[in-house]
Amino acid sequence: MRKNSCKPPPKWEQLHATKGICGRVTNWDEGVPFNYSEWQDTPPPRTKFTTVEYNNKMIIFGGGYQRTFHGDLYEHDLSLQKWRCIDQDVSLVGGPSHRRSHKVVLYNDEMILFGGRLVYGKRNDVFVLNLKTYKWTNKTPSPEICPQPVERAAHSAVLWDHKMVVFGGDEDASGSSAYLSDLWMLDLKTFTWKLCSPTGTLPTGRLGHDCAMSGDTMYLFGGYQGRALNDMYSINLSQGIWRVIGHEVVVRPTSFLCMLGRPDGRKTDLGSPTCSGLLIWGGAFTDTDTYTNTLYNFNIKSESFEAIEVAGTKPTARLGHAMLYHKNFLYLFGGCDSSYYNDLYKLDLNPPSLLHTMRCFLRSEGVPYKDSRKDTRAPSRRKVQSFRVQARGSLCNPETKIEDTSKQLDNIPSETDASNALCVD
């Protein structure tokens, strides 16, 4: 955040704290089902799951908890702040098997899922969830119809046009890991795959990275390839040309992070003067097993990173969490460090200024005042200092008469003048 800016910094708020006992161990080979009775409608702790926002609800599926793989589906009402369990095991109703490190995109009224890691091996299947009815459909295309991506996990997926764009991930090759660097597109109208052949400076193979869209351009950051990465690439999907973005080393090498842009893929502007690009949060410096909870903004115009100052109750550093953007708020759920989490946080990207808060207070108290928001002239230093003293005295003294208060606050500086007013000192 710029030092001279007087706009309040983005503010974190914890909506739900972690519940239950972390560190539960189940047998890897047997894949023991999770005991849901102790959680009721709250999702158990998890990492490397997926989430989308639909109809004012956060929808989460799958993930893992130590050696347990989830196959459950939950929704969280973002207005009522209430969880609801849709299904504890979607594989019993035609859905995908228990998994983590899969990816999803939102397309119209459907959530499209591809790939992921199971207790044994990885998958390259495609499932569609109707978000109106919560009905699953297996839409995996036949190898006879089109070429198929290899089975993979910890890849990335974004929506572009009517296509799901998949890059990279981890493939099981003869019992060892292979870092993938291929680019595929799944046509969501015909459910056929196409292997892309982009040109330019191609990214190296990796897993645990993330991608985000801005217009026709897909941005890729970080990941893991035997070591954590902090390189940045972009590709214009309509032209098919990769390019590496040289940037000052601000963000440390990070994997299993989240990078967030506009959910509809349009030109990114998250509505905040300090967060006007792609947001990056969390992940792990895998080489040292340390985690981060710093919020970064990637400015698309200047192609530069900036650490964002935040206020409030920050989430603990972690990896494998999920984030979504809804109505100028960033929501964050789950993840892990040495423990596993099912806590929920909200980040207000554009919190109200002091003057806006005071106006709301005066309206709620029925105090008349003159709103000078149409006046673009900056108030004088003397006027602002007088306003501060009078306002504080009026609001802090319960015996102050409303008539006196209304006179004292007759000329509140406009919202456009707020930065000048509050920066006098």
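Two strands count as paired if DSSP finds at least two bridges between them. Strands themselves are DSSP runs of E with at least two residues, and they are numbered from the N terminus.

The model is predicted, so local features need pLDDT of at least 70 and side-chain atom pairs count only at pLDDT 80 or more, while totals for chains, interfaces and linings use all residues. Residues are numbered from 1 along each chain as its sequence is written, and side-chain values use heavy atoms, with hydrogens and water left out.

I begin with strand β19, residues 228-236. Eight of its nine residues are buried, so the strand is largely enclosed by the rest of the structure. Here, buried means under 20% relative accessible area, exposed means over 50%, and partly exposed lies in between, with a 1.4 Å probe and protein chains only.

Which strands pair with β19? One of them is β18, residues 217-224, which pairs with β19 in the antiparallel sense over seven bridges. Tyr219 has Ser234 of β19 as its bridge partner. Three residues stand between the strands of this hairpin, and Gly226 takes a positive phi near 80 degrees there.

Strand β20, residues 241-244, also runs antiparallel to β19, and four bridges join the two. In this case Tyr233 has Val244 of β20 as its bridge partner. The hairpin of β19 and β20 has four residues between the strands, and Gly240 takes a positive phi near 70 degrees.

I now move to charged side chains. Side chains of opposite charge can pair when their charged atoms come close. A salt bridge is defined as a side-chain nitrogen of Lys or Arg within 4 Å of a carboxyl oxygen of Asp or Glu.

In one, Glu13 meets Lys346, with the closest N and O atoms 3.9 Å apart. Glu13 belongs to strand β1 (residues 11-16) and Lys346 to strand β30 (residues 340-348), so this pair links distant parts of the chain, 333 residues apart. Glu13 is partly exposed at 40% relative accessibility, whereas Lys346 is buried at 16%.

Another joins Arg46 and Asp72, at 2.7 Å from N to O. Arg46 is buried, at 0% relative accessibility, and Asp72 is buried with a relative accessible area of 0%.

Thank you for your attention.
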